[in-house]
Amino acid sequence: MLGKCIYSTISKKCVSLSFIQQRGLIRPRKTREYFDVVRAVMDNSTVKSLNDWKNVRNSILEHSYNSGKYTKNNIDALIINYCANKKDCDLGTSYLNFLKKENIEPNLATIGKYLKLLYTINADMVFKEGKKLPVIEEELILRYKSGSAENIRSHGLVHFNRYYEDLRRDYPVLDSYSLENAILALSVTSKWRTCLDLLKDIEATATPNNLCYSSSIAAAFINKEEELGWAMLEEMLQCERIPNSYAFHGYLSRLRRHRSKRLIIEKLEMLFLFLQKYDMKCPEDVIKNIADLADGLKLLNIFTTVSFKGICQNCQSRMTNFELTPNEFAELKGAVLENVIVGKNVFSKTDPDELERFKKFVTNMGTFDVVLDGLNVAYSAGTKNSPVVHSGLVAAVVSHFVENRRRVLVLGRKHMNKWPKQNWGYVNENATVFLTQNISQDDPYLLYCALQSGQNTVIVTRDLMRSHRFLLESPNLKKNFNRWLNQRQWQLVRVDEQRGPIFRKPPPFTVTTQKANGLWHIPYEQNKVNEKDQYIDTWLCLKTTQFT
Amino acid sequence: MAMITRSRQLLKLMHITENIRMLNSSNAKMFTKKYDVLFSIYRRFSQPFEGSRDEDGNEVDIKSITNGDPELEHKLKVILLEAEVMRQEGKLVPPNSDISKSHWTELLSLPSRNARRKMYEYLFKLSKKKENRLTKKLEKRQKFEEHKQQRQEKTDVPIEEFAHMYDLQHNSLFLRIYESTMNNLYNSRLIQAITYGQKLVVDCGYDQNMTNRENFNCAKQLMLLFAENRMHKEPFDIHFCNANPESFLIKQLNKYIPTMYEKWFPLNIHECSYLDIFPKDQLVYLTPHCREEMSEFDHDAVYIIGSLVDKVNNEPLSLAKAKKEGLKMAKLPLDRYLQWGSGSGKSLTLNQVISILLDVQLNGDWNHALRHVPRRKLVEYSGEEYSRNTSDRLKFDKPRTKWVPSARVPFDSLSYQRKSVTRSLQGEENNRTDFKHYIKDSS
C-alpha cells in the first residue's frame, strides 16, 4: 500500500516538473516570435560604408531569434521600414545603393516603403510649415541655392510622377498597400491630383486608411483646392475614417498664405464650424498651430479651462447647449424603432405582439420628465442583492423625482412584479410602468420612450448604449445619438441615506467647438489617452472680432 | 493646358540645370549614385509584375477561380499582388502553393483588407503546422528505420526466446481489435438508440447566419458531436433537421463523414423542420438566451440544439427562432452549478453540450455532467470541491491533497481513535514531514 503511495506521489511530481519544464521552454520561444530582430540589430550597428550593410543584412537573417520570419524576400522592405520609422532618409538611400551594388532588384514592397520614407521626412515640412515647393518654379530656385539631399528627393519624386504615368498605362493593376504608399509620396508633390484617382483604385479592394485620406486632403488644401478638400473630408467621415492632424495642418498652412486678415478669420471660422458640426476633437498639435496662427494675426487667444458648469475661466462667457433640430430628432426616433427595436428579426429582441402593445402605449403616453431604466437602477448595487434591495433602490429613485414633482416612467421586465409589494407598490402608484416580457430586451424600448417623450426628458441609466448606437449604422445618426444621450443621460452613482439618490449629471452644455459671447472656444485633447471618456476641460479661447 | 505645357518646359529646363549642377557640384559622384538608384526604382515600378507568381514561381489559376468574369479577375489580380506585397513586408502570408483554389474564392468574397489579413495569418499558421508535422514525420521515419536496422541484427533468435518475447509482432495474448470492429460496436449502439433511445434534434438551419469560418468550425463540431454521442454508454437518437444538402455547412460535414448519406449509416438527416417530425408539445429548444433553467432532465422531451457557432455576432438567433415558432425553451443550469470566471464567455461547443446532456440523461447528476465545461472558464475551486465535481477525470488532473499515513501513526489503535487521530493530523498539517521521515527510515 505504502509503496504504491510513494510511487504515485513521485510520478505526480515528475509530471508536474516536466510540465513546468515544458512551459519554461515554450515561454522564451513565444517572446522570440514577437522579438523585433531588425530593430535590435539596426539599433546596435552603425553603417558607414555600403559594405557594412552586408554584415547587417546577414546578422538579421542569421540571428538566433530568426525562426523563419525574416527571409531574403522581406528583409529589404523591413529595413527600409525601419529607416522610415526613424525618419532617416540617408540610411534608407544608402541601403538602396547597396542593393544596386549587389545587383538585387528592390521588390514592390521595398519601393513602397521607400516612397513612404520620402513622405515621412517631407510631410511635416510640407503640411505643417507650409514651406513645400510643389510649384516647379520654386523648386528650381531652391535647387540653385543648396545642393542637399532634399533636392534629390524632390527630383526623384518628379521623376516618379512621370514614370507613374507610364506605369498606369502599362499596368492598371496595383495593390492597395503600394497604392497607399504611392498616395503618400505623391501628396507632397505637385502631382498630388493623381492621389484622387489612386484613392478610387484602392476602393476596389479596400478602404483607404486615415493617413492616406488626410495627406491627400492636406495636399488639396495646400494647392488651393479648398472645396475639394472639404468634400473629401466629408467623404472620409462617411467611410468612418477619422482625419489626423495633417489634414488640419494643411488647411492652416493654406490660410497663412492669404493676405487679407478678414479672409483668414472667415476661413478659420469655417474650420471651427466643421469641428462643431462633426463633434470632432481637436488634436493638441493642431490647436497649437491655430494659436500660433492667431498670434501672427494679433488675435487674442488664451489656453484656458471651461468649468463643468460651462463658464470659460478666461472670458467668463457661458457655453451653449446644442439641441437637436426637430427633424434630426424625429429621424433619430425613427431609426431607433427601425434599426434597434425591430432590426433584422423582430423576434430577437421582442415579438410582434409586444411591439403592438408598445406602440399603443406610446401613442397614449403623453410626455414624461424622467424615463427610468428600472432594472439598471435596481442592479446598480450588484445583482446578488435581495429583491428588497432591488425594489428599494428603484423606489428611492422614483420618490426622489416624485417629490420634485416630476412625471416618471419606469421600464422593466415582467418578473419585477414578483418584487416585495411595499416598494414595488409604491413605484406602481407613483409612476407609469411599462413591462416587457422576461426574454425581451427593455433597453431599446427605453430609448424610444425617452425620444418619444420629447427633447427635455431625462433618461436615467448607467448603460452607455454602445451596442444600440452601433446598430444605427449611419455616422450622422450615431453622432446625433451621442449628442442627445450626452445631454440627457443621468447615471445613478449611489443612494445616500441622508441625501437620497446621487446622480452623475452631464455638463449643461455641449463639449464641442462653439462661439460664445463673440469668442470662439475650442476643446482639445491632451496627448494622454482619455480612456474613460472623461470630461475635457482644456480649451482654447480665441477672439476673432477684435478689429471689426 | 497652357499651364501644363509650361510646366513641361520647366521640367526640361530643370533637367538641363540639373546636369550642369551635377558637373559643378563637389559631391557629384554621390549624387549620381542616389540618382541611379531612384531611376532604377521607377523603372522597376513600370516593369511587368506577375502577381500570380510568388517567389518560388507557384502560379495561381486565375481563369478557373473567376470563371472568366473580368471584374472578379481584376480584383483577384489586385489581391494576388497585395498578398505578395504583404509577404515582402514581412507579414504572415503563406506561399501561394499553400493557398488553395477555394481559399482564393473565399478571399475574394471577404469584405475588407483586415479580414483578408486575418485569413492569411490563419493560413500561414496552418501551413507552418503542416510543415512541422512533415518534418516530425520524417524524423520519426528515420528513427524507425534505425530501429528496424537494430532489430534486424537480432534476426536469428532461437525459437524459444522468440516465443518468450512479449511484444507486437511477437507473441501476444490478445487479438488485435481493428478500427472497423470498434466502429461496428459504436454503430450498433446507435442502431439500438434509434429504436429505444431518446430523440434529440440538431437544428442545422443557421448556415446563413454564420460566416464561412464559423460554418467550417460548426461542421467540425457536428462531427465531434456525432462521435461523442456514439461513444457514450447510452447515446441519443440524433436527428439533423433543416439540413439543406446544398449549404456549405452540410457539404463540409459530408467531407468529415463521407458515408453520411448511406442508407445503413445510423444518422438521421432531414431537410424538413423538426416541427414536421415531432409533436410540438414535446419539443424543447435549448437556448442560452432564455430565462428558464433546465432543473431536471425530462426523458420524454425532444431537446433541440441549435448548431450555431457565434464568434462574430452574438444575436440571440435561437431564442428568436424558438419564440417565433412558439416552442418551449430551456437553458443549461450553468450559473446554478458553476462559478464562472470573468473574461471568457459562457458559450459552449456543440460537442460539449451533447456530452453534458448524455451524462445528465444517464444519471441526472448536474455536478457530474457539467465537468465537460472547460475548466479555464471557471473560477478555480478549492481542491476538495474540485475533485468531487470531477470524480471520474484522470487521476493526475486533480490537485487532490491526499491523506498520507505516517510512520508515527499508531495503526493498531486506529479503530477507536480514528476521529481524533485524523483530526489531530489535519491540525498538525505536517503530513509531508512525516512522509520524509518514512523515506529516511526505509532507506
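**View 1. The loop of chain B that holds Leu173(B) runs between α7 (159–164) and α8 (179–196).** Helices here are DSSP runs of H or I with at least four residues, strands are E runs of at least two, and both are numbered from the N terminus. The model is predicted, so local features need pLDDT of at least 70 and side-chain atom pairs count only at pLDDT 80 or more, while totals for chains, interfaces and linings use all residues. Residues are numbered from 1 along each chain as its sequence is written, chains are lettered from A and ligands numbered from 1 in the order in which they are written, and side-chain values use heavy atoms, with hydrogens and water left out. Leu173(B) counts as exposed because its relative accessibility is 71%, where exposed means over 50%, buried under 20% and partly exposed in between (1.4 Å probe, protein chains only).

**View 2. The open sheet of chain B has six strands in the order β3-β2-β1-β5-β4-β6, with parallel pairing.** Two strands pair if DSSP finds at least two bridges between them. At the edges stand β3 (268–269) and β6 (328–330) of chain B, each with a single partner strand, so one side of each has no neighbour in the sheet.

**View 3. Strand β4 (residues 283–286) of chain B pairs with β6(B) in the parallel sense over three bridges.** Tyr285(B) has Met329(B) in β6(B) as its bridge partner.

**View 4. Chain B as a whole comprises 17 helices and six strands.** Of its 443 residues, 40% are buried.
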